[in-house]
Amino acid sequence: MKNEMELIFDAVSDNESFARVAVAAFLTHLNPTLEEMADIKTAVSEAVTNSIIHGYGNLEGLEPGGEGCPVNPGKVRVCCSLEDGMLHILVEDKGKGIEDVERAMEPLFTTRPELERSGMGFAFMEAFTDELQVESAPGQGTVVRMSKKIGAEDQDAGSGI
């Protein structure tokens, strides 16, 4: 059976924790290990944070002269699907995009050193998931796709491996 969910939220830093907890809650019925849960939460956190900070520039505050109207920072979309113990996660923004995806995925590379960013976001996403794909173009936004098998250790234990 396939199960899906979708979240769309404002690209503000406060929503990063909401996204990772929502994805974690979505997969709890699979009874993931603490390690699997931590891996997923970290990967989602990194992808959403990248959208907010790099895609939209971490915009927050009020519009000048807008009498308290919040700046519209853009939206982040998180979609998840579960099928046969495999979790697929998509994190998408319509922000400024990435000029050189290959370079952006290099460990320690960051375009925001003034924010003390470590440049390890994509490296963490890759380390904590089974598959990572990044599609982006300047002015078009970014789509991050991640997949992770949940419960793989339990299946191996049951087969005598």
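**Packing of helices α2 and α4**

The crossing of α2 and α4 is left-handed, a term applied when the near helix is turned anticlockwise from the far one by less than a right angle, with right-handed denoting clockwise. The structure is a predicted model, in which local features need pLDDT of at least 70 and side-chain atom pairs count only at pLDDT 80 or more, whereas totals for chains, interfaces and linings use all residues. Residues are numbered from 1 along each chain as its sequence is written, and side-chain values use heavy atoms, with hydrogens and water left out.

The protein chain contains five helices and five strands, these being DSSP runs (helices H or I, at least four residues; strands E, at least two) numbered from the N terminus. From the N terminus on, their order is β-α-α-β-β-α-α-β-β-α. Of the 161 residues, 44% count as buried (under 20% relative accessible area; exposed is over 50% and partly exposed in between, with a 1.4 Å probe and protein chains only). Among contacts (heavy atoms within 4.5 Å) with a separation of 6 or more, residues 24 or more positions apart account for 63%.

Two packed helices are described by the angle between their axes and the distance between the axes. The axes of α2 and α4 come within 9 Å and cross at roughly 150°; axes are lines fitted to C-alpha atoms, for helices over the stretch in contact, and angles run from 0 to 180 degrees between N-to-C directions. The two helices are therefore roughly antiparallel to each other (over 145 degrees; under 35 is roughly parallel, 65 to 115 roughly perpendicular and the rest oblique). On the α2 side, Asp-39, Thr-42, Ala-43, Glu-46, Ala-47 and Asn-50 meet Gly-121, Phe-122, Phe-124, Met-125 and Phe-128 of α4. The residues of this contact divide into six nonpolar, three polar and two charged, where Ala, Val, Leu, Ile, Met, Phe, Trp, Tyr, Cys and Pro count as nonpolar, Asp, Glu, Lys and Arg as charged, and the others, Gly among them, as polar.

Helix α4 spans residues 121-128, and its buried residues are Gly-121, Phe-122, Ala-123 and Met-125. These buried residues pack against α2, α3 (101-104), β4 (131-137) and β5 (141-149).

Thr-49 lies in helix α2 (residues 34-55) and counts as buried because its relative accessibility is 15%. The side chain of Thr-49 reaches the backbone oxygen of Ser-45 at 2.7 Å. Ser-13 is located in the loop between β1 (2-10) and α1 (15-26) and, at 33% relative accessibility, counts as partly exposed. Ser-13 and Ile-52, 39 residues apart in sequence, are separated by 6.7 Å in space, C-alpha to C-alpha.

Technical notes. Polar contact = N/O pair within 3.5 Å; in protein donor to acceptor, adjacent residues only side chain to side chain.
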